[in-house]
Amino acid sequence: MSQEYPIKIYKEPDLRHPSLVLGWSEDMSNLGWKATGYLNRKLKGQEFAEIEPEDFFPLGGVAIEGNLAQFPESKFYARREYELVVFQSGSPGAEWYKFLNAVLDVAEHHCQVKELYTIGAMVSFSAHTAPRRLLAVVNSAEIKEVLSQYELARDLDYQTPPGERPTLNSFLLWIAKGRNIPGVSLWVPIPFYLATVEDAQAQKKVLSFLNERLDLKIDFRDLDQEIREQNEQLAQVRSRFPQIDDYINRLESNLMLSEEENGELIKKVEDFLREGD
Amino acid sequence: MGLRLYQEPQLENPILVAGWPGIGNIGIIAVDTLRGILEAEEFGEIEPWDFLYPNRVLIRKGVLEYLEFPSSKFYFKSMGGKDIIFFVGEEQPTEGGRLYAEGGKAYRMANLVLDVVEKFKCRRIYTSGAAVALTHHTTKPRVWAVPNNESLIPEIRGYGNTVLMSDIEGRGGHGNITGLNGLLLGVAKKRGCEAICLMGEIPVYLQGLPLSYPKASKSVLEVLNHSLKIEVNLDKLDELDQKVERRIEEFYQQIPLEIKGQLDRLKQVTDAQPAEPGPITEEEEKRIMEDVEKFFKKRGGGG
């Protein structure tokens, strides 16, 4: 690329053809951010580069989340032992093409990345008690073939509906394809009433795949504990509110709820899980 | 980066006609209709990825097959000394959720269009858009013309059904043209090329509706035909207009009687002469605008 990008490299990472895993904040259930954060925490990823925010994020002030002032972050972490690079970032508000090329410039020219994985969530109308599924969209037939040995759905047919736009992950996969970097977009359908809270089961689903694929040797006991706790909390909501139990029973029987019932279920679950935090 | 020409047609003193989507899609319909009628040939494009976001992805059996972007294409038509280059943009490059182009991207795109203008030695640029006006949908829309050079004013005064900003009551020759239709005029001025923006009138109460307004596109094309000294049959636009007209009438019948009474008075606004008092006073104009605003707020923004 001839254009200068606002990339800051603190320390050149010593890697040999690692894999890159990307997660965005403001994702449904915060799945991408939580899963990449988990990888960094467990594998002790070292921050080595970042993309400056000024061209990509509105900087008219700061957002406040959880009582804290936030600032957009777009950071790269590396862990040589696992040949892994993790990129965590807010979803840019502008200049997507320039931003994604900056990400891939770091991946390609500073890390010699051999393949990349993005993490995303999509809404599901199933109950939380149903097992989470993992879907993959790829940018080449070769990488699709490689994934055939893993337990994930690889035959998705999709076309952007009128009035909607492709996601940042699709855009990234397309640019990566132009650079001959194999890319996989991983998607976990999340029960709609967990979309604004966390879904530990969804995190485990996507992380288990990465663990197996990238041979990360992660011990998931802490995440299993989180899943148990969340399931207990959801069981408490059901026992305390018979109406909510009825709604979830109906979802378990593959029945649809009305818009009003959906809204009530979302609110009760959100309130209950947030109080319990 | 940006401009890609597939071929370099030999053109004689061409003019460039540019259009982007906007209110009532008046400009883009006018430009694209003329391009279609003249069967102009595509010869280049502005590559979209630096300017526009993708609008469609196709995934087949899990494989991302392609990502589609809004197009920004150049076409040409050789017409023996009346050669035309068309530029048709499916979207305006926007930043930060704004509706119309502004900022660095818009400026860069306007400059790329001007690069083509200079390369082919175009003698003039026409852009086209909408003029939101206190008019009625049953009257023939006028065309507001804004040049970027004073020497063009006498010529514009000779066009039929056309007004300059100074001809419009209360404007005093002032106003602004949002988006690329306006910006291109400015960039052309900076780079020494003459340009005129032709804006077809759209009634104020239709500006927020998700409807095209081909009647105004036709007015624009009539002016363009006259200016370019070409004869083009515009029946195609009449057919489109008849379809849209039915939907407008349906909408109009939903407007409360009291407001409709005010709007009906706009049928009398047909005079373009600045010195004559209009059939609607300033106070009445203000009241109509307030009523229309109130009505749309009640409806939830009107689209």
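Which side chain meets that of Arg250(A) in a salt bridge? Point 1 takes this up.

1. This is a predicted model. In it, the partner of Arg250(A) is Glu261(A), with an N to O distance of 2.9 Å.

2. On accessibility, the two partners fall into separate classes. Arg250(A) has a relative accessible area of 22% and is partly exposed. Glu261(A), at 18%, counts as buried, because the cut-off for buried is under 20%.

3. Helix H8 of chain A also holds the pair Lys267(A) and Asp271(A), 4 residues apart, or about one helical turn. Their side chains form a salt bridge at 2.8 Å, N to O. Asp271(A) is partly exposed, with 35% relative accessibility.

4. Please look at Glu270(A) and Arg274(A) too: both lie in helix H8 of chain A, 4 residues apart, about one turn of the helix. The closest N and O atoms of this salt bridge are 3.6 Å apart. Glu270(A) is buried at 15% relative accessible area, whereas Arg274(A) is partly exposed at 46%.

5. Elsewhere in chain A, salt bridges link Glu47(A), Glu73(A) and Lys75(A) in a network.

6. For the overall tally, there are 39 salt bridges over all chains. The pairs discussed above, including Arg250(A) with Glu261(A), are examples to start from.

Notes:
Residues numbered from 1 in each chain as written. Chains lettered and ligands numbered in written order. Predicted model: local features only at pLDDT ≥ 70, side-chain atom pairs only at ≥ 80, totals over all residues. Heavy atoms only, no water. Salt bridge = Lys/Arg side-chain N within 4 Å of Asp/Glu carboxyl O. Buried < 20%, exposed > 50% of the residue type's maximum accessible area, 1.4 Å probe, protein only. Helix = DSSP H or I, 4+ residues; strand = E, 2+ residues; numbered from the N terminus.
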